[in-house]
Each structure stands twice: as C-alpha cells, then as structure tokens.
Amino acid sequence: MSARPDISIAAVGHDATANIQRAIDTVSAAGGGRVSLLAGRHVSGGLKLKSGVELHLAEDAVLAPASDYEAYAHTTVSVIAEESNRGMIIAKGASDIAVTGPGRIEAGGENFITGDDEAMGTYIPAARRPRVMVLESCRNVRLENLSVSGSPMWTLHMVDCDDLNFRNLRIENDRRLPNTDGIVLDACRRALIEDCFISTADDGICLKTSAGPDGKAVGVCDDITVRRCIVSSVSCALKLGTESFGDFTNVVFEDCKIIESNRGIGLFSRDGGAMRNIRFSRIEAQCHETPGGFWGSGEAVTVTVVDRRPERQAGSVDNLVVEDLSGSMEGAVNLVATSKAGIHNVRLERITLSQQPGKLGTGLQYDLRPTNADLAPSPDAAGRANAWTRDAEGRIVGMEDYPGGMPAVYLAGVKGFAARDVAIKRTTPLPEGWNKQEIVAMTNLSEGSR
C-alpha cells in the first residue's frame, strides 16, 4: 500500500494561492493526505478544501487571507450572511477533511471597517465581508489546535454538515466589529466542540438553522455537545438561533465559562423551527450591560419566542433545563414568548447568581430583538438592518420596560416552570428601576408548575 502524500509548502513573498490549491488538489486526487504550510507568512486568496485532505499550519505558520473581497470571487457559498456569499476557505460536499495547527489564520478584519459609530459602540463594517471558513454538506470534519484572529465576519460557519469534531481552537476577533461570530453550526448533526477559547464582538458559539435559496430550512441541528469552552462575547456567548427555520434537538452545553459577555445563555426562536431537549449544565457566567446597539444587556439567561415574519409563526421551546449556573449579571433571567408557539416545560436547578446594577441602565429593559422592524426597517428609520431600529420617539424597537421594574426572573408566555435551589443575590437597597418582586410571571403557569 502506498503512503499517503504529504506536501510541504514554504512561505514565499508573493501570493501563494495557486501553490496551496494545487497541493490540495493533488493530495485529494491521490486518495488523501496532508498539505503542510511551513513556518512563515502565506498570503492567499480563496481556497477550496477537498475530500481526504488535512490542511496543516505548522508551528509559526501564518495563513494571511487577502483583504480584498474580490479575492474570493471563486469561493462562493450558497448561504448568504450579512450580504456576503464568499468564504476565505470553503468546501462543498467533501468528506474526511481537517484544518489543524498549531499555526494560525490572521484574517484581516481591520481592512473591512468603513467607519466608527461611537454612539452605539461599534465600528461600521463594510457591506460585503468574507467569512473565514464555510463548509457546506461536508462529513467527518476535524478542526484542531488552530488559532484564528481578526475575522471580518462569521469566523467558522458549518452548513448542513455531519460528524464534526472541534478541539482546542482559539478565536480572537475585534470586539467592536459586528457579526464576527466565533463558531456557527448551521443545521449540523453529531457535533462535538470542546476545550476552545473564543472572544468576539458577536455570538460566541451559535447554533442556527438557516433557509436556503428556496426559502426552506437547510436542515436541522441535532445531537450537539459543547463542553469545557471559555467564551467572551459582546452579544450572546452560548446561543441557539436567531435563524431558526429548522428544528434544534438534543443539544448540550456543559462545563463552560462565560466571561465579559453581554449575554450568557440564549435561545431565540423566530422562523418556525422548534427547540426541544436543550440542556445547559455547570456554566459560570459573567454578564454585563452594553450600549443599546448590541442586542440584550447583561442577562445570564434569555429565551425569546417572537414571530418576526408575518407569514410564519415561530417555533416553540420545549424541555429546557438550566442547572448549576453560577456567576453575576447586570440584567435578569428572561423567558418571554410573544408568539402563540410559547415556551413549555422549563426547569431551573441549583442557580447561584448575583444581580448587580450596571452603569448604562440598558439592563433595566428586556430585549425582544430581532423583530420584523429589524428584518425590514422602513427606509427613513434610524439604525442598522438586522441590528437595531429606532421608532419615531427615538426608542430602540424591541427594548421593552419590565412591568414594575427589573426583577431577578421574568416570565411571559411560559407554560410549565420549575425552579429548585435558585438563589439570586440582589443589591440592597434595591436600585432605582428594580422590581421589589424577585420573580415576575405575566401569564398563569400551568398546573404543576413550581
């Protein structure tokens, strides 16, 4: 039996796209093997991974994707995100592929900034920015011991993939550049993410079920496990949604640490897919307020079910367990359904949180974004599409006042709720704008709720 090929590529002082792609094609055609980028800086345009190939970044190797959006005209993908259909590294229908370190990808996100919105606390991103990696309909994918920094957009986007193993990844993005999600599993099955560090301006680890060009769900998310990860996010650290056309089932997050984050745990049902059998166990969370330009503010847990499309009811949330959650928050624990789909059978156990006042006051409201106003803002509306929109009175649409002030736990549209060993330490005396009641339930809980 012949040995699997291993092609090593030395760093050169010019565009290495053709050399790297030729090696990937050669190794795949030979039945699979490894393409190794040796120490040094490898400047490249778009790359296409092929079946059987491991792209290995050796010690001190840097893959530096080009900062020109047109460098990725030949690496387009089917799922459009924030007006972009391009990726720096892509694969379609490939199997047994891997990208490994200990080298790193320096993605050049600073080259896709067009301005600074100081009032909202964000940079203004270019309209079209490539994602770092987009893998579509792939099977047996391994990402390991790899560092990625400065993503212009979503960092690692997996679409309709099966059997994923991500270990020891380090993702560090600019915390003022919107839409730079860390890891996005979009309609994926049988995935394990473990021992990763993520710091980003948008969602840290996010599960989605997007729609394809035909408007139908790409697929479902099922059998997903995330464990022993550290996540810092200026949006939501551990998240399901917002894109939710297909179902989410059998999802577990455990033994994770959330630091310096706007939100800790989040479920956002908007597009018709149900979320069932979801568990968060042994999570440490540190959540603080942020300016209104970023969604939410300081919630340790937020679950919202909202019909953002008039023609499509949101999917229900069923059988959610949050247990052994500890840490601090400047907002509250929110479970709110404005849709008839509702939230059903929620269990909180062994929760130990401190609730502290923030300096901005944005935690005194709960957040229902994204709404239809964010999806399709009026031409004269102030704001940014799919982020925030101001109404005629200057208020951000979707930011709602708590009735009677901010409680520790707020429930609306919930049927079946159980809480055991829940201890939330609140600042005393209660700050202005806080509700004297720790738990506020705006709907009658079903019989048997505790």
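I began with Asp 202, which, leaving aside its neighbours within four places in sequence, is in contact (heavy atoms within 4.5 Å) with Pro 178, Asn 179, Thr 180, Asp 181, Ser 233, Val 234, Ser 235 and Cys 236. I note that this is a predicted model, in which local features need pLDDT of at least 70 and side-chain atom pairs count only at pLDDT 80 or more, while totals for chains, interfaces and linings use all residues. Residues are numbered from 1 along each chain as its sequence is written, and side-chain values use heavy atoms, with hydrogens and water left out.

Next I looked up aromatic pairs (ring centres within 6.5 Å; planes under 30 degrees apart are stacked, over 60 edge-to-face, the rest tilted), and the structure holds four. The rings of Tyr 366 and Tyr 410 have centres 5.0 Å apart and planes at 35 degrees, so I recorded the pair as tilted. Tyr 402 and Tyr 410 form an edge-to-face pair, 5.4 Å centre to centre with 85 degrees between the planes. Ring pairs thus link Tyr 366, Tyr 402 and Tyr 410 into a cluster; I found Tyr 366 buried at 11% relative accessibility and Tyr 410 buried at 4%.

Terms used. Rings of Phe, Tyr and Trp (its six-membered ring) pair if their centres lie within 6.5 Å; planes under 30 degrees apart count as stacked, over 60 as edge-to-face and the rest as tilted. Buried means under 20% relative accessible area, exposed over 50%, partly exposed in between (1.4 Å probe, protein chains only).
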